[in-house]
Amino acid sequence: MSILSYISTAVFVFAPIAAYVPQYFDIKKRGNSDGFSPKVCLILLLCNILRIYFWMGRHFDTDLLWQSVFMIVAQFIMLHLCVSLRGREVLVGGTGPGGRRASVGPRGATAWWTDLTRAEKFWNWTDFSTYITFIALFTAAWGLLTFMFVYNAFYVELLGTLSLTLEAMLGVPQAYKNFKSKSTEGLSLILIGIWFLGDGFKTVYFLIKGAPTQFLMCGIVQLVVDSIILVQMSMYRKISRLI
């Protein structure tokens, strides 16, 4: 394997993760995560967990496997920051959703189970441990199913389709949040720009590598959604300047 191959592999694995670095520091600098949708973290965590299980049933390019592993770590870091800042805001302002204070520390079993099972508060919980619990349960459930059906071709293809469908929807929560608030303030242009360039690069990469069809379709859908968000950023920022 040549040095050029090592470099291209490293870029492919870490470039999508590096896209979140400017957004992370921007959120930290501003002291709030208002412009960033935490459901981006949800989608990336779920789709990359499913992608790892997909790999167990169908050994596609290992670079994609490592990309999933590192992306999961990166999204937990992003999520921890968002929840920490939300907790800080709650401590200043009083109480959070449901009249409870947000925290990133452990809470009683009854408290987190109540948070976990309240559909209207889904992925807007008051402490980090509830997010960890949900992801752990999701991972365990799909891990058990994969252990039972890993040699079933239909199940394996279903895993791939679910994983890539979720990933294709990555930008949708952010686009919806932008549309609802009619603003993209707090959203990093660097993040969305790297999304667009990265999705374009990986779509070409999938074509060259002969990756499963699900990967190619995912890349195309993501490019469309990325374009919508870039248009929103241009449009809403022009409107805010006029106001």
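**View 1. The largest pocket of this predicted model holds about 400 Å³ of space.** A pocket here is an open set of points on a 1 Å grid over the protein atoms alone, where a 1.4 Å probe fits, with protein on both sides within 12 Å along at least five of seven lines; lining residues have an atom within 4 Å of a point. Its volume is the space filled by probe spheres set on the points, which are joined across faces, edges and corners. Of the 16 lining residues, Phe36, Ser37, Pro38, Lys39 and Lys177 sit closest to the centre. Helices H4 (62-93) and H8 (172-181) each give two or more residues to this lining, and H8 gives the most, with five. Helices are DSSP runs (H or I, at least four residues), numbered from the N terminus.

**View 2. The second largest pocket has about 300 Å³ of space.** Look for Pro16, Gln67, Gly198, Asp199 and Lys202, which lie nearest the centre among 21 lining residues. Helix H9 (189-209) is one of the helices that supply at least two residues, and H9 has the largest share, seven.

**View 3. The cysteines form zero disulfides (pairs of cysteine sulfur atoms within 2.5 Å).** For Cys47, the nearest cysteine sulfur is that of Cys218, 7.4 Å away.

Residues are numbered from 1 along each chain as its sequence is written. Local features need pLDDT of at least 70, side-chain atom pairs count only at pLDDT 80 or more, totals for chains, interfaces and linings use all residues, and side-chain values use heavy atoms, with hydrogens and water left out.
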